[in-house]
Amino acid sequence: MVLSVWQTEAFDNDGIGNALENMIITGGSRYYCEYRDGLRLFLNRNQAEIDSETYQDHTCFTMSHAGSSAGFYLLLQVYLDHILHPLLKEEDYIPGVHYINGDGLDAGVLYNEVKEREETPTSLVDIALKKVLYPGNSRYGYEFEGSTENLRNSTNVEKVRAYHEKYYRPENLVLTITGNVDIYTLLHKLNVHTICTIRGEGCYNRTEPFVRPWQNEIERNAMNQVEEIIVEYPADDELEGNVVFAWRLPGELADDIQLLQGYKFITNYFEAEFTWSKESLSARVKSKFLELKEPSVQIIFENVETDRMDDVVQEVETWLNNIVTGGPDKLNLRRIQTLLTRCSNFGLVVWKYSTAEGVFDSH
């Protein structure tokens with residue numbers, strides 16, 4: 001399997017990174033097929049498949065192959081050619097991103113995907129929370145997948161080409177290859193493509209010095225500051241809604257992975273406390289982590305009756321205050337033991353609870 005990861009950054013809601021991801025599979029300078037799905041057909045016939053994902057702070061492409069080593073090296077050349085030397089033609093941009101169809105309506109693969117997603121409760125709440133949790137000059141407040149308004153009025157193929165020139169460089173690439181391959185043959189294949197990329201053969205000349213993304217410090221909210229926001233969204237039932245609590249966690253994700261696992265365990269305990277309570281305030285309680293450079297966590301109460309939303313806020317505040325003031329003795333040790341057993345059975349992080357120290361120690 002091959003995994004390539006690029007650090008990418010969005011400065012607006014144009015969805016340039018997402019558009020580029022859709023266009024890359026249409027053809028490279030050395031391997032091009034006149035059919036849009038030519039690459040996928042070629043991979044399928046060689047027992048391989050390719051996938052790609054665009055995230056807030058990076059874009060990744062994966063290719064898996066179940067055939068011979070010789071076939072893998074050929075597929076690797078095709079894979080790298082499409083990513084490092086994409087054609088990014090206007091005729092590929094139009095159907096893949098946005099155009100006006102014969103009925104005078106907005107269309108396009110990416111446009112339809114964004115249209116289906118952007119009015120959902122999850123998307124609207126995520127954007128609103130990111131703007132509060134990551135204020136100021138943070139890029140997390142932008143919709144990296146794009147908005148329908150920007151795709152109609154601002155996004156274009158020239159911006160996609162400039163985006164590729166800025167971020168898709170050898171200096172910004174993390175390439176992971178796993179499997180039974182010969183290391184010397186592999187390095188030779190990679191070296192050929194790297195040299196071509198640096199020289200600008202078959203791709204856009206990179207004259208500007210490379211500036212690594214996400215180097216600016218991200219502003220933080222004032223300590224102990226609580227903000228309440230209301231997000232309205234279309235729904236079939238106006239008598240129910242969601243209540244979301246969100247916190248930005250201290251430090252950077254890479255500094256302490258074990259601490260992040262500790263937060264995940266605590267949120268599991270939180271979910272259990274409110275899910276197994278005698279009087280449930282919502283149909284479901286779940287947590288979600290934004291594993292960004294500076295992570296944050298959300299605890300979501302789904303399908304809460306609108307006239308009981310204030311009760312949810314009060315119950316959570318009371319529960320948290322009792323834990324803070326009462327310490328570990330206020331925790332349900334039997335429930336903790338049950339969660340720890342589940343974690344150990346599934347090979348997850350194992351924790352030891354210490355009443356003397358009042359903390360969770362990771363091992």
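**Stop one: S147**

Select S147 and you land in the loop between α6 (121-133) and α7 (148-153); helices here are DSSP runs of H or I with at least four residues, strands are E runs of at least two, and both are numbered from the N terminus. Before going further: this is a predicted model, where local features need pLDDT of at least 70 and side-chain atom pairs count only at pLDDT 80 or more, while totals for chains, interfaces and linings use all residues. Residues are numbered from 1 along each chain as its sequence is written, and side-chain values use heavy atoms, with hydrogens and water left out.

Is S147 buried or exposed? S147 counts as buried because its relative accessibility is 13% (buried is under 20% relative accessible area, exposed over 50%, partly exposed in between, with a 1.4 Å probe and protein chains only).

Then show N13, V114 and E118, which S147 touches when residues up to four places away in sequence are not counted (contact: heavy atoms within 4.5 Å).

Jump to β8 (residues 284-290) and β9 (residues 296-305), an antiparallel pair with seven bridges (pairing needs at least two DSSP bridges). Pick K286 and look across to I300 in β9, which it stands opposite.

**Zoom out**

Colour by secondary structure for 12 helices and 11 strands. Of the chain's 363 residues, 41% are buried.
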